[in-house]
Amino acid sequence: MEIPAEVRRYWLPILLFTAGFLFQLLVLPRHFPPTHYDVLGIERFAPVERVVEAYERLSNEWLSETNHQPTVDIIKIRYAYELLTNPILKRDYDLYGLDEHLDVLERVKEQYQKEHFLKIDLPLLKDSVVSLTDDAFNLLTHESFNAAIAEECPLIILVYSKGSPRCAQFIEYWKQIGTRLDGIAKIAMVEVGDSQLAGHFTEKGFSKQPFFRNGIPAIVAYPGGLYVDSVVDWVATSVVGLPRILYYAKEALGPQFIGKSGHHKVKVIFFSSTGERAAPFLRQAAQEYSNYASFAFVLWREDESQIWWNSLGVESAPALVFLKGPGTKPVVHHGTFSKSEFTEMMEEHKHQDLQQLRSDTSLELGCDTRGHSRAGNDAAIWYCVIIAGRPGVELSKKRQILRKAQDQLIGAVDGSTTGNVDDLIEISSAATAFKDERLTFVWLDGEVQKQICAFYLATDFSGACGPRGLGDDNDKPEIFIVRFQRNATYEALKAEKKNNLVEALQGQHAYASQLVARYKGPDEIQEINRWISQIIRDGDTREIPYFTSKVPDLVPEETSKEWLRSTKSIQSAGKSLKEKISFHFQDYLTDPRIGSTLLMCGCVSLGIIWLRNNKPTQSTRQEKTPKDRTKRPRPKLSTSLFGQPSESIADVEPKDARQWEMSDSDSD
């Protein structure tokens with residue numbers, strides 16, 4: 001069936017008119033059902049006296065012989081009467097549209113729909129009306145509310161109603177919540193009858209009537225003190241899920257923070273003179289760099305300034321300090337900094353001066369048997385100086401010595417080292433290898449990585465390797481160097497892409513051979529660098545047979561994160577946060593302006609389409625009329641040149657010829 005042209009032309013107005021009428025006739029009435037006042041036939045918010053009068057009038061009609069009213073309608077009238085004559089239920093219904101007894105109404109309607117109305121067991125709400133007058137505690141008033149939310153302690157508020165059965169069931173749980181939150185947060189209660197205060201916690205729709213979206217009981221949380229710092233801290237911690245950065249006193253900074261943080265981590269200390277909590281970008285950085293650094297705050301006090309100056313070199317606050325290992329000089333930044341500046345500083349100082357050989361850093365440091373070198377794939381031979389031991393005082397001392405040996409080579413590379421020329425020549429091989437990134441200084445936790453520690457040192461679990469026993473003070477950290485040589489056979493087969501690559505390397509688990517030399521000299525920086533230079537000269541010049549063996553893998557150490565990345569969901573009364581803060585489509589179905597807007601748009605579109613379809617037609621007719629009057633016949637071309645006879649001169653109409661109109665009369 002073909003659609004008529006007029007319908008296709010006016011499809012948009014027809015669609016808008018249809019949507020407007022359907023919204024007004026079907027959608028809007030469903031979201032605005034008759035109120036209990038409408039059931040009784042009285043005005044909204046009528047007093048109890050008018051409710052009683054309306055009910056008595058309707059009940060007299062039931063008893064009349066001519067009454068044929070359905071039982072279901074009588075049940076609705078009775079329910080409205082009982083609800084609106086109860087002062088608490090009527091108050092909740094008038095103020096916030098609360099009606100928690102609809103389940104009773106539906107149950108009674110289903111039970112008595114086929115029975116006579118005189119058989120209904122009255123009253124309907126005899127077991128549903130409750131009172132929480134005796135169970136309420138710590139009630140807030142409008143005057144005490146402002147003082148309560150201004151305190152530093154977080155405040156949790158329960159909004160309840162004296163006549164709500166749901167609140168009566170929840171009140172016991174609320175007491176348990178208050179017990180568990182004792183000392184952490186304060187709890188309080190607000191009764192909906194205090195409309196001036198309870199109105200702060202409601203929403204308003206298009207009808208301007210306040211309502212609780214999820215009903216009652218409703219729980220509202222306020223962070224401790226409505227200040228910038230407290231609100232930002234609450235959002236960053238509770239909503240976004242970022243970690244907190246704790247404050248430490250001068251007595252606790254060493255044992256509680258530096259002593260308990262990871263040995264491989266850089267210690268980042270913020271000095272604040274205001275005591276404000278960490279900004280969100282600092283918390284985000286603490287989360288992103290948790291594998292590399294630990295973070296702490298210190299409150300700056302003038303009477304403690306000398307302590308911080310002597311220990312960390314901090315003159316004043318605000319200040320930022322990086323501790324990059326035992327015995328290292330603190331890196332201090334005074335003044336404020338932006339997010340980008342702090343990110344640049346973290347990238348520069350996220351590693352310790354002497355890094356730890358770990359399962360997640362072995363490839364980066366070039367101390368791995370899989371053929372990775374910091375100098376690149378072209379390097380055939382490279383070296384790794386390792387100090388192994390169990391974490392403690394002795395290992396910290398040896399780490400400082402090895403770090404100073406590394407600093408001496410850095411000075412020799414930069415040309416800034418002053419000293420004996422002969423000494424500089426003796427360590428030139430090590431300085432050159434360090435400059436070419438063929439030499440790396442690291443330390444190894446012999447207690448955690450006991451297998452690979454014992455393999456390198458060719459010893460049982462004692463001294464530097466293995467767990468520390470009860471009363472065992474035999475901590476003997478040892479320094480050794482590992483010479484790595486790339487497997488040329490593997491590289492050649494890999495370059496030629498031969499099919500027998502797997503067969504040729506069957507049983508090989510390492511792509512670089514390793515030779516180990518232990519240091520047995522004195523703990524002097526110059527002697528250590530001389531020994532390293534001698535090893536490098538011999539290793540680079542002498543032909544050493546390729547040798548490899550099964551090297552134990554590094555044990556993956558637990559990442560000591562104080563938090564985990566997780567998606568937190570905040571729920572309230574069975575509703576998710578997404579439903580609470582997103583676009584509430586259902587709210588717009590109660591807006592009476594939608595239907596009238598659709599009808600108005602339909603009228604406007606109808607007028608526009610009608611004007612467009614009629615205006616061109618009128619102008620075309622007006623233009624065609626004068627053109628037809630002035631149009632002259634086009635003269636015919638002569639065809640005599642093509643051998644056809646031309647018209648005679650007599651057949652041509654004279655220029656001034658005129659045609660007379662014929663009359664109906666013969667007398668003319």
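Guide: In this predicted model, the residues that line the largest cavity are Leu-83, Leu-89, Asp-92, Leu-98, Asp-99, Glu-100, His-101, Ser-161, Gly-163, Ser-164 and Ile-216. Sorted by class, this lining comprises four nonpolar, four polar and three charged residues, and the space that the largest cavity holds comes to about 80 Å³. Rolling a probe the size of a water molecule over the atoms is what shows where such empty space is left. When the whole structure is searched in this way with a threshold of 30 Å³ or more, three cavities are found.

The second largest cavity, with a volume of about 50 Å³, has a lining made up of Lys-324, Gly-325, Pro-326, Thr-328, Gln-352, Asp-353, Leu-354, Arg-399, Gln-400 and Arg-403. By class, the lining of the second largest cavity has two nonpolar, four polar and four charged residues.

For the sheet, the order of the strands is β7-β6-β8-β9, an open arrangement of four strands with mixed pairing, in which β7 (293-299) and β9 (331-334) are the edge strands, each pairing on one side only. From one strand to the next the twist averages 15 degrees. Strand β8, which covers residues 319-323, pairs with β9 in the antiparallel sense over four bridges, and Ala-319 has His-334 in β9 as its bridge partner. Helix α15 (residues 339-349) lies across β6 (266-272), β7, β8 and β9, and runs at about 15 degrees to β8.

Notes
Residues are numbered from 1 along each chain as its sequence is written. This is a predicted model: local features need pLDDT of at least 70, side-chain atom pairs count only at pLDDT 80 or more; totals for chains, interfaces and linings use all residues. Side-chain values use heavy atoms; hydrogens and water are left out. Two strands pair if DSSP finds at least two bridges between them. Helices (H or I, at least four residues) and strands (E, at least two) are DSSP runs, numbered from the N terminus. Axes are lines fitted to C-alpha atoms, for helices over the stretch in contact, and angles run from 0 to 180 degrees between N-to-C directions. Contact means heavy atoms within 4.5 Å. On a 1 Å grid over the protein atoms alone, a cavity is a set of points where a 1.4 Å probe fits but cannot get out, and a pocket is an open set with protein on both sides within 12 Å along at least five of seven lines; lining residues have an atom within 4 Å of a point. Grid points are joined across faces, edges and corners, and a volume is the space filled by probe spheres set on the points. Ala, Val, Leu, Ile, Met, Phe, Trp, Tyr, Cys and Pro count as nonpolar, Asp, Glu, Lys and Arg as charged, and the others, Gly among them, as polar.
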